[in-house]
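Subject: Structure handover and notes

Hello,

The structure I promised is pasted in below. My notes come after it.

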Amino acid sequence: MFDALASAVSSIFNRRGSSLSVPILDGALKPNNLLDEASIVVEKDGIEDIAIGSDGEIYVACGNAVMRLAASGELEQVAQHEHAVTALAALGDGTLAVGLGAKVVLGKPGDQQVGFDQADGRKLNAVTALHATADGALLVCDASATRSYGEWNYDLMEKGHTGRLVRYDPVSGTATTAASGLAYAFGAFKDRQGRILVSETWRHQVDHVKDGHASPVVPALPGYPARIAAAEGGGFWLTLFACRTQLVEFVLQENDYRHEMMRTIEPRYWVAPALRSGVDFREPLQTGGVKQMGILKPWAPPRSYGLVVRFNDDFIPIYSLHSRVGGRHHGIVAVAQRGDDLYVLSKGAGRILRLSVAQVEAQEAAESGE
Amino acid sequence: MKPILELRGLTKIYARSAAVDAVDFALLPGEVHALLGENGAGKSTLTKMIAGVVTPTRGKIFFDGKEINLRAPSEAVSAGIAMVFQETSLVSSMTVAQNLFLGNEKFFNRVRGTNIAAQQFMQSLSFDVDPTAHVGSLGAAKKQMVEIARAVLLKARIIVFDEPTATLTPEEKGHFFELVATLKARGVSVIFISHALEEALQISDRITVLRDGKLVVTDLTSTFDRARIVQAMVGRTLSHELYGTKKTRVRPAGRRVLRISNLRVGNVVKNNSLSVFAGQITGIFGLVGSGRTETFKVVSGVIKRDYTNGGEVFLNGKAVRYRVPAPAVQDGIAYITEDRKIEGFFETMSIKLNLYVARLAKAGLRKFWIRNREMDALGEKWINSLQVRAVTRSARVIELSGGNQQKAVIAKSLVQDPELIIFDEPTRGVDVGAIAEIHQIANRLADEGKAVVVISSYLPEIMLLSDRLLVARQGKIVEEFSPIDATEEKLMYAAVH
């Protein structure tokens, strides 16, 4: 009787109270060190997104520039913009779509650029991801209507849910809203079956967008999902830029504490997920990340983490790549596959990593005896 | 040497079927004699006749050369024969100390004095059990320790141990073997029933194998190996030893059926988190007291998690908190208990009635409409499907052997067509033939796409069955392994350290 009453009261106030919990990394998400063992292709501060062009070239968004990754591992600038590049996609005809925070521009490198900055009469505000679909359209994630891309942690702490997914048709030049009310749209993807997916970061889920509605197909993720990319052979890669912790979930329930924290403390020291950690003693401790016998426990609940998950066409995770608490490659926000090579962008470390998909899958197969 | 106990032509007939058939048996002073056989071979019936629990139909018992006629367990105890039962016979509402001295109390009993005496006695046996704890609050292993201690306290000349090590941890087993050696040195004779053949080979002086109520062979332990014992027990050569092979392939995970997050139950389950996926067997290994059973009892509504800081349980993505098992059954959760006699079935009911009761539990309003024809068909189907061997179709569950009782418990859960099946120590006290059949059932369920959980303390079993291996320690899952690269050493290390 007490249980039922307490549950009813909790539900009225939208609080799960002390039963607050977060999903764990197990099954296909069992931790490993694959991201830390990957080879480092690029090391540069400010890298943001990565895309494979129709010509097979790898393009990287870095600061205000779009760069091409040469075979030697050097970055060569192909375009310079007046604002920081926040998202990048390559269309089938060689056109690059570039998100510049509050607008998107399209054009081949060196050519005249066309662009748009609104959809259905509402201005774009925080373009976080772009995805070119097979039918030539462009999916645009406008993460928040109130906060810019750089203020993503404000949007989390304000429990923002003003994000939307926009579909842009380059032929007609029209941009329409495919879904709205999203709690930070940070990745879009149209799969082989024609299903449009969007990652809703603050709701820790990936949604299927249909007829203007978004319904979860990958719910209860253990981290904050970011950009999505196609996987060769079907399915997709999902990046998660940090893992959830009970502490952050708790802070999100404590309104007074949270508001005071936002008012009085610098954002990089908030009790909030981070793209990297351990660089400043004033940061909140990696919760539970206590050093024992001189070793940071790699299984400790993380403030920052590196995670990429491979899903199949049925939205079931098959395997995952990790950089654990003690690792270096945290804050994974983008991934792209070219043949056997998987390029992973660690924004926290400012690095692009390369892994062999065949080797990763062989390792997974060995574990399952296939 | 003159035997301390001799049985001549001992026979017990139930419903015109001989459970024990003309068995001749001799036990020497200071001897550890292992009694082996499949479930239903007649071991328990034979030892119950020795302990005065069951009266023989024919035959004679000689103790110290004199014929005795035991009509009650108290007479056997007076004669110097004690039995430690497979399923505990302690009074759960009394404390450990009270149970130890039950029947031997002084006229005036000081609680403190009784507790101190019990504490000293338990310590002398290296058993870590609190004498002031109520037996009902103890786990199966600790209850077993109290049973053993009580038999030793009675200064018996013959002690019959029926599956004494089934619930003990490896460390506790070591203590138990030392205890047996001490008893032997004191001249006490021990009859030791076990399904763990290695244990019989390790601690016994002689081995007797029974099959279908008849004595097959008695010989010195040094003349036996595992293959000879199995051959004698089952009357057939198993194509491969049950646990001889290592798993070479695992089933891929399907969708996540169960998610447990930060679960807490008293001081037994501490912040435990795990997932269970469809189409797979998830094996949970851990030592006794690691919180495995309690975690899944919460999932199935047998016990409740803490309300404050109790964590969450999600079934197919939906948060659930069952206060009783009925809604869990309705939602497709089947928990197959480790303690089948207490929690598994209605022992005086027939198999088919037990199965029908289980079906009715999921039948909603229709549960008030009992149809005999449906019950008969249900019983027939599952008795055949799981090959439950009973003297008659209407046999009561209590009359079945341990292995067949276990199959009846499994059938009772499967009639509910569950989506998540939790096997808790599924082969404890079950013979090798039935073990293989129970393993087949678990594998078949996983192949059908069900989410299967197997909780086991027996490493070879958990490694052979599981597609994922989770190790529990001190109330939570501490490590996950693939059975392909797991070894017994790795699992035990994770469970202990």
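Residue numbers start at 1 in each chain, following the sequence as written, and chains are lettered from A, with ligands numbered from 1, in the order in which they are written. The model is predicted: local features need pLDDT of at least 70 and side-chain atom pairs count only at pLDDT 80 or more, while totals for chains, interfaces and linings use all residues.

Chain A overall

Chain A has six helices and 28 strands; these are DSSP runs numbered from the N terminus, with helices being H or I of at least four residues and strands being E of at least two. Of its 370 residues, 47% count as buried. A residue is buried if 20 or more other C-beta atoms lie within 10 Å of its own, exposed if 12 or fewer, and partly exposed in between, with C-beta atoms placed from the backbone. Among the contacts in chain A with a separation of 6 or more, 51% join residues 24 or more positions apart. Two residues are in contact if their C-beta atoms, placed from the backbone, lie within 7 Å.

A hairpin in chain A

Strand β20(A), residues 223–230, is mostly covered, with seven of its eight residues buried. β20(A) pairs with β21(A), residues 236–243, in the antiparallel sense over five bridges; two strands pair if DSSP finds at least two bridges between them. Ala229(A) has Trp237(A) in β21(A) as its bridge partner. Five residues lie between the strands of this hairpin, where Gly233(A) takes a positive phi near 95 degrees.

The four-stranded sheet in chain A

An open sheet with antiparallel pairing runs in the order β1-β28-β27-β26. β1 (39–43) and β26 (332–338) stand at the edges with a single partner strand each, so one side of each has no neighbour in the sheet. On average, neighbouring strands are turned by 25 degrees against each other, direction ignored. Axes are lines fitted to C-alpha atoms, for helices over the stretch in contact, and angles run from 0 to 180 degrees between N-to-C directions.

β26(A) and β27(A), residues 341–346, pair in the antiparallel sense over six bridges, and Arg338(A) has Asp341(A) in β27(A) as its bridge partner. Helix α6(A), residues 357–368, packs on the sheet and touches β26, β27 and β28 (351–356), its direction making about 60 degrees with that of β28(A).

Chain B

Helices α12(B), residues 351–361, and α13(B), residues 372–385, pack at about 105 degrees with their axes 8 Å apart. They are therefore roughly perpendicular, the word used for 65 to 115 degrees (under 35 is roughly parallel, over 145 roughly antiparallel, the rest oblique). Residues that meet there include Leu353(B) and Tyr356(B) in α12(B), and Leu378(B) and Trp382(B) in α13(B).

Lys318(B) is in strand β15(B), residues 318–320. Why does Lys318(B) count as exposed? Because it has 8 other C-beta atoms within 10 Å. Its C-alpha atom is 9.2 Å from that of Leu258(B), 60 residues apart along the chain.

Contact between the chains

The contact takes 29 residues from chain B and 21 residues from chain A. On the chain B side, β11 (256–265) and β12 (269–277) each supply at least two residues, and β12(B) gives the largest share, four residues.

Regards
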